[in-house]
Amino acid sequence: MKRKHRRLMVVLTSLGLLGAAAALVLTAVEDSLVFFYTPSDLAERSSPPDTQFRLGGLVEEGSIRQDGATTYFRVTDLNRAVPASYTGVLPDLFREGQGVVADGSLTADGTFVANEVLAKHDENYMPKEVADALRANGQWKDGSPAQ
Amino acid sequence: MIAEVGQFVLVLALALAVVQATLPLIGAARGDAALMTLADRTAIGQAAALLIAFAALTYAFVVSDFSLEVVYLNSHSLKPMLYKVSGVWGNHEGSMLLWVLVLALFSAAVVLFGRNLPPTLKARVLAVQAMVGVCFLAFVIFTSNPFARLSPAPLDGNGLNPLLQDPGLAFHPPLLYLGYVGFSMAFSFAVAALIEGRVDAAWGRWVRPWTLAAWTFLTAGIALGSWWAYYELGWGGWWFWDPVENASFIPWLFGTALLHSAIVVEKRDALKSWTILLAIITFSMSLLGTFLVRSGVLTSVHAFAVDPERGVFILGILALATGGALTLFAVRAPGMKGGGLFAPVSREGSLLANNMLLTVAAGTVLLGTLYPLILEALSGGASKVSVGPPFFNATFGPIMVPLVILMALGPLLAWKRGNLRTVAPKLIPAAIAAAAAILATFALVPDGPVLAPFAMGLAAWLAGGALAEWAGRIKLFTIPLADSWRRLAGMPRSASGMTLAHLGLGIMIVGITGSSAWRAELITTLEPGESAQGAGYTVTLREVTRGQGPNYNYERGILVISDEGRAVTTLSTERRFFPIASQTTTEAGIHTTWISDLYGVIGERGRSPETANAWTIRFFVNPFVPWIWLGALVMVFGGSLSLTDRRHRVGAPRRGRSPAPHPAPAAAE
């Protein structure tokens with residue numbers, strides 16, 4: 001086999017492989033891109049998202065209620081709030097007044113059913129999306145939420 | 001006083017690095033031996049200086065010197081000694097100091113083990129190492145000074161993030177850094193070779209052990225991190241495709257590709273430009289990983305220490321290193337002579353296929369990790385998305401399938417021109433093993449996911465293929481056992497190392513398949529004495545006790561797990577509250593039978609009066625999960641065994657300054 005042929009073959013195989021990978025990526029991206037919304041974002045939308053998304057904000061003070069292994073709470077950006085529920089063991093840092101980011105979807109009655117709750121940040125650290133969102137609506141001052 | 005010594009030697013190290021980054025290059029260009037050997041001394045001096053700096057910081061942590069800002073922010077006088085020490089690298093400043101220390105130690109290792117390197121190559125390698133060193137030392141000194149003082153000194157510190165107070169995580173960062181900073185060696189050798197304008201088989205032989213060492217450390221580091229996530233986060237999972245996990249996994253994938261392509265350079269003097277490019281990319285990915293972890297641009301479960309301003313600095317270093325190296329590559333690579341020809345079906349061909357698949361796989365992981373950043377930047381912060389595990393499972397998984405199939409086949413092929421017809425009979429045992437695994441899995445778990453039996457088949461194929469190749473080398477069962485033993489003793493350790501590494505991946509695939517296909521879960525609330533049924537077992541919360549650890553209070557739940565009235569095991573799980581950080585962590589109770597893990601976690605106590613005596617309990621049956629770390633351990637052992645191979649000793653056999661363009665070993669065959 002000549003050098004030129006070998007090179008051509010390598011190039012063609014690589015292109016084929018890249019094509020296959022691109023196809024995989026494109027199909028996967030469609031199903032697994034998860035958008036991030038704050039309660040205000042949800043209120044501004046004309047139609048609620050019908051797919052999985054990520055909801056972020058603070059756990060509203062006094063909103064946590066438990067029923068068996070299910071916890072009901074409200075996620076707020078200090079502007080608007082969305083009722084939410086989660087079944088399972090909540091992360092160690094899930095607390096009223098703390099930042100929270102949850103993956104899940106909206107039910108017909110407007111409750112956000114989370115299938116995963118991320119709150120793995122320390123006392124001083126707020127999830128970046130939440131901090132940005134609070135900063136955007138003027139609820140964030142000097143590195144801590146204005147309350 | 002000790003801290004001032006640390007500060008002083010840090011600046012001294014920077015000065016030495018500046019000298020080492022410049023004068024030896026001039027020396028190498030002019031053939032001035034004195035300037036070239038200067039690099040040896042500065043490299044040793046730099047390593048010594050940074051060891052002193054690191055020792056000074058460790059001392060400050062051990063004696064709880066809260067006049068240092070990092071100690072105040074990340075330590076506490078009540079903390080157990082292990083975590084006072086691991087607290088040194090459990091924060092941004094300290095971990096960056098560890099980063100530059102590891103870099104300097106690798107340079108020193110070149111001096112110590114690289115006596116047989118041609119002097120110009122050695123001088124240039126050390127100079128390139130020092131250039132990276134200058135950048136990162138400047139970063140440490142100007143943006144992340146671990147020796148910054150506080151005045152007046154506070155009485156006590158803030159304590160280390162409780163999640164990090166764990167023996168597994170104490171050793172995770174050093175191993176990880178030895179891995180990803182270790183790839184700087186491949187980078188420096190690549191850039192030095194580009195400056196020299198010469199890449200040959202001997203170069204491949206010098207680069208391989210360094211890459212292998214880095215790869216082995218990185219494998220161990222990632223495995224340790226994932227083990228920690230499994231038992232400490234209490235989520236029952238072990239890999240979350242989290243950006244920070246990906247940040248270490250991408251260099252691992254490229255590093256694995258590099259490890260294989262360097263073999264082709266060494267044995268066949270081919271794929272030279274590609275290997276150089278891969279070496280540059282691998283280290284660039286390590287830098288990108290450092291950037292992602294240290295800059296805080298990503299929301300991550302692991303984002304412990306973050307600061308956006310520092311991100312810009314690291315991004316600058318990344319642009320400089322990668323941009324500079326790639327420019328040099330563009331100028332020099334076309335002049336490099338192509339190496340030996342080979343047929344598509346050959347050992348080289350299979351290694352090339354390995355490289356393509358690994359590179360593309362790494363590319364998809366990279367894309368998934370950076371996509372949210374790119375989209376956010378393009379939309380001016382309006383569009384925020386995250387790319388979750390489904391994306392990675394759907395793209396990464398399918399690319400791994402052909403790779404694993406090829407892994408059994410590749411090592412059996414001859415160099416240059418292989419013959420599938422002669423190889424096929426050798427793969428019969430692997431094919432039988434795969435078929436048996438598929439059928440057995442279908443029979444045992446008929447109602448599981450359809451793909452799972454095939455994944456088990458893939459694991460058996462790989463393990464069978466790896467063992468068949470190894471058995472074939474020592475002619476096991478075809479000649480008397482004593483003769484096989486003799487062949488084994490005479491077999492290069494790197495060959496056994498490869499078998500083990502491939503076998504380890506096979507074992508790991510069993511674990512990955514088991515845990516993702518057949519995991520069962522029970523979530524419930526229990527009062528002490530109550531039971532619940534689920535996941536094939538009866539879970540009873542026997543009691544909840546309270547107590548005190550060295551720097552935390554705990555609630556300990558004792559779970560009795562029984563199967564149709566027969567007690568299987570008792571799990572002890574804790575919820576620990578750290579008052580200093582006012583943070584809670586979970587300790588999972590795990591009982592392993594090696595076939596599966598029984599994994600219990602105690603959650604929060606009920607908040608309302610009627611549930612005040614009930615705790616949320618989460619119980620998992622995780623089939624084959626321990627195999628993941630067993631597999632990683634076998635891979636690490638394989639890598640270490642291969643490192644002890646006589647032929648991998650750096651600089652051996654001597655190339656000398658012979659006029660022959662290609663040294664004899666490569667031409668043999």
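Of the 147 residues in chain A of this predicted model, 37% are buried. Chain A contains three helices and nine strands, and their order from the N terminus is α-β-α-β-β-β-β-β-β-α-β-β.

The model has an ipTM of 0.71 and a pTM of 0.89. For chain B the average pLDDT is 88, and 94% of the residues score at least 70. Residues 300–306 of chain B have a pLDDT below 50, and this stretch makes 16 contacts in the model beyond near neighbours in sequence. Residues 650–669 of chain B likewise remain under 50 in pLDDT, with 28 contacts in the model beyond four places in sequence. Where pLDDT is low, predicted coordinates should not be read in detail.

The contact between the two chains draws on 39 residues from chain A and 43 residues from chain B. On the side of chain A that touches chain B, the elements giving two or more residues are α1 (3–32), β1 (33–37), β3 (65–67) and α3 (128–136). Of these, α1(A) gives the most, with 15 residues. Sorted by class, this side of chain A consists of 21 nonpolar, seven polar and 11 charged residues. Strand pairing also links the chains: β1(A) pairs with strand β1 of chain B (residues 385–387) in the antiparallel sense, over three bridges. Within β1(B), B:Val385 stands opposite A:Phe35.

In soluble globular proteins, nonpolar side chains tend to be buried together. The largest nonpolar core in the model has 191 residues, and the members that touch the most others are B:Val100 and B:Ala186. Helix α8 of chain B (residues 201–232) supplies the largest share of this core, 19 residues. Leaving aside residues up to four places away in sequence, B:Ala186 touches B:Val207, B:Trp210, B:Thr211, B:Leu258, B:Ala279, B:Thr282 and B:Phe283. Another core, of 42 residues, lies apart from the largest one and includes A:Leu78, A:Tyr86, A:Leu118 and B:Phe619.

Strand β10 of chain B (residues 615–623) contains B:Asn622 and B:Pro623. B:Asn622 counts as buried because it has 26 C-beta neighbours inside 10 Å, and B:Pro623 counts as buried because it has 23, the cut-off being 20 or more. Beyond four places in sequence, B:Asn622 touches B:Gly236, B:Ser515, B:Arg519, B:Ser596, B:Asp597 and B:Tyr599. The corresponding list for B:Pro623 is B:Gly514, B:Ser515, B:Trp518, B:Arg519, B:Ile595 and B:Ser596. The C-alpha atoms of B:Pro623 and B:Ser596 are separated by 3.9 Å, with the two residues 27 apart along the chain. By contrast, B:Asn622 and B:Gly323, 299 residues apart in sequence, are 45 Å apart from C-alpha to C-alpha.

Strands β6 (residues 566–578) and β7 (residues 583–587) of chain B pair in the antiparallel sense over five bridges. The two strands form a hairpin with four residues between them, and B:Ser582 in the turn has a positive phi of about 40°. Across the pair, B:Arg576 stands opposite B:Thr585 in β7(B). Four of the five residues of β7(B) are buried, so this strand is largely enclosed by the rest of the structure.

Among the helices of chain B, α16 (residues 451–473) has 23 residues and spans 33 Å from its first C-alpha to its last, close to the 33 Å expected at 1.5 Å a residue. Just after α16(B), B:Lys475 adopts a positive phi of about 50°. Helix α13 of chain B (residues 389–409) contains B:Met400. B:Met400 counts as partly exposed because it has 18 C-beta neighbours inside 10 Å. From C-alpha to C-alpha, B:Met400 lies 35 Å from B:Gln165, and the two are 235 residues apart in sequence.

Key:
Residues are numbered from 1 along each chain as its sequence is written. Chains are lettered from A and ligands numbered from 1 in the order in which they are written. This is a predicted model: local features need pLDDT of at least 70, side-chain atom pairs count only at pLDDT 80 or more; totals for chains, interfaces and linings use all residues. A residue is buried if 20 or more other C-beta atoms lie within 10 Å of its own, exposed if 12 or fewer, and partly exposed in between; C-beta atoms are placed from the backbone. A nonpolar core is a set of buried Ala, Val, Leu, Ile, Met, Phe, Trp, Tyr and Cys residues joined through C-beta atoms within 7 Å. Two residues are in contact if their C-beta atoms, placed from the backbone, lie within 7 Å. Ala, Val, Leu, Ile, Met, Phe, Trp, Tyr, Cys and Pro count as nonpolar, Asp, Glu, Lys and Arg as charged, and the others, Gly among them, as polar. Two strands pair if DSSP finds at least two bridges between them. pLDDT is the predictor's confidence in each residue, from 0 to 100. The expected span of a helix is 1.5 Å times one less than its number of residues.
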